[in-house]
Amino acid sequence: MNPHLSRLQPYPFEKLRQLLAGITPPAHLREIRLSIGEPQHPTPAFIRDALTAALGGLANYPTTLGSSDLRCSIAAWLERRYGLAGIDPESGVIPVNGSREALFAFAQTVVDPSRGYTPLVVSPNPFYQIYEGAAILAGAEPRFLDTLPEDDFAFDFTALSDAEWQRVQLFFVCSPGNPTGKVLTLDDWRRLFALADRHGFVIAADECYSEIYPDEAAPPLGCLQAAQLLGRSCERLVMFSSLSKRSNVPGMRSGFVAGDPAILRSFLLYRTYHGSAMNPAIQAASVAAWNDEEHVRGNRRQYGAKFAAVTPLLAEVLPGTTPPDAAFYLWVRTHGSDTDFARQLYADYNVLLLPGSYLARTVQGSNPGAGFVRIALVAPLADCIEAAERIRSFISGS
């Protein structure tokens with residue numbers, strides 16, 4: 001067996017399952033699940049229609065590079081969304097089977113363990129656990145930079161020594177962040193680009209929450225957009241995006257990578273052997289989704305209504321609760337242990353949240369997720385409000 005497999009930690013939801021084992025929640029309270037970031041808004045009918053209309057494509061093997069129609073629709077969306085110029089659908093875009101698959105495979109492509117040292121792969125802390133697993137199975141050592149509320153969830157780049165920066169080969173960014181909702185500013189990108197230039201590492205920007213934000217006039221800044229604004233190319237820069245959250249189609253497993261053409265050539269070669277071609281019917285439905293924005297605006301309005309209703313309810317009993325820059329999570333400080341909070345809330349009120357410590361790693365004796373819970377506002381509005389009321393009752397002891 002691959003010896004690196006023994007270094008992988010259980011996934012957060014397996015830890016949650018073990019935490020809640022043996023508990024029987026109150027039968028008179030139906031379960032409200034706000035633990036997993038799985039969109040529950042209905043899939044738009046036009047996407048379903050495009051999918052079924054293209055089922056004849058199942059008779060053909062798809063290419064790893066995807067159809068020209070899909071790559072052109074993605075390139076056009078990038079230009080509209082971010083004001084980018086000159087996105088080449090032939091060399092600058094690759095459709096992928098969801099950002100999770102691509103993020104993992106990307107590390108296997110770009111990490112080089114043959115240079116005489118153990119490579120470092122840097123990630124935010126707390127973080128999406130795929131970053132860690134991808135680093136480990138690529139033969140690298142994960143390094144975590146704490147992102148803390150008192151620092152506005154910014155990276156502390158001074159946490160790594162110059163010698164450690166010299167070993168960094170890949171830097172994972174998540175903006176908007178999971179679980180914090182932090183959106184990197186242009187100055188954040190400027191500092192990160194300067195480090196990448198100095199030390200030669202690749203930046204992998206996970207932007208799968210980019211289309212869930214509160215202000216229609218101020219969409220989150222993207223990495224390729226930041227590079228353009230700073231007058232630089234996309235060398236050593238690749239972004240990852242997905243339809244899962246944007247269009248409420250997590251089951252389609254449809255996304256894309258875009259950026260440095262030289263890196264994408266190598267990534268395409270890896271994926272060709274990996275067997276990662278997208279189903280032709282999914283490709284057709286994805287074209288329809290990327291070409292439409294009205295359903296995305298409606299999606300944002302639904303999340304906005306949830307944040308408007310739930311945030312003030314929780315802020316009264318959990319001081320400091322504020323809406324994120326973007327994404328659909330509340331990152332909330334608890335009273336005491338986050339695992340005790342999540343376990344007892346489930347036992348008493350049948351509401352499922354994810355302990356923050358499960359989304360982070362202990363660095364220098366401290367876990368930056370400890371004492372927080374992640375609340376995914378993915379359920380219908382009425383359910384989110386009811387869950388907030390149950391949390392209020394749980395905290396007040398009523």
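A cavity here is a set of points, on a 1 Å grid over the protein atoms alone, where a 1.4 Å probe fits but cannot get out, and its lining residues have an atom within 4 Å of a point. Its volume is the space filled by probe spheres set on the points, with grid points joined across faces, edges and corners.

The model is predicted: local features need pLDDT of at least 70, side-chain atom pairs count only at pLDDT 80 or more, and totals for chains, interfaces and linings use all residues. Residues are numbered from 1 along each chain as its sequence is written, and side-chain values use heavy atoms, with hydrogens and water left out.

Cavities

Three cavities of 30 Å³ or more are counted. Select Ala154, Phe155, Phe157, Lys182, Leu184, Asp188 and Arg191 to show its lining. Four of these residues are nonpolar, none polar and three charged (Ala, Val, Leu, Ile, Met, Phe, Trp, Tyr, Cys and Pro count as nonpolar, Asp, Glu, Lys and Arg as charged, the others, Gly among them, as polar).

Next, go to the largest cavity, at about 100 Å³. Its lining includes Pro124, Pro126, Thr147, Phe153, Cys174 and Asn178, and also Phe155, Lys182 and Leu184.

Helices α4 and α5

Now select residues 99-110, helix α4, and 130-137, helix α5; their axes come within 8 Å (helices are DSSP runs of H or I, at least four residues, numbered from the N terminus). The axes, lines fitted to C-alpha atoms over the stretch in contact, with angles from 0 to 180 degrees between N-to-C directions, cross at roughly 30 degrees. The two helices are therefore roughly parallel (under 35 degrees).

Technical notes. Angles under 35 degrees count as roughly parallel, over 145 as roughly antiparallel, 65 to 115 as roughly perpendicular and the rest as oblique. On a 1 Å grid over the protein atoms alone, a cavity is a set of points where a 1.4 Å probe fits but cannot get out, and a pocket is an open set with protein on both sides within 12 Å along at least five of seven lines; lining residues have an atom within 4 Å of a point.
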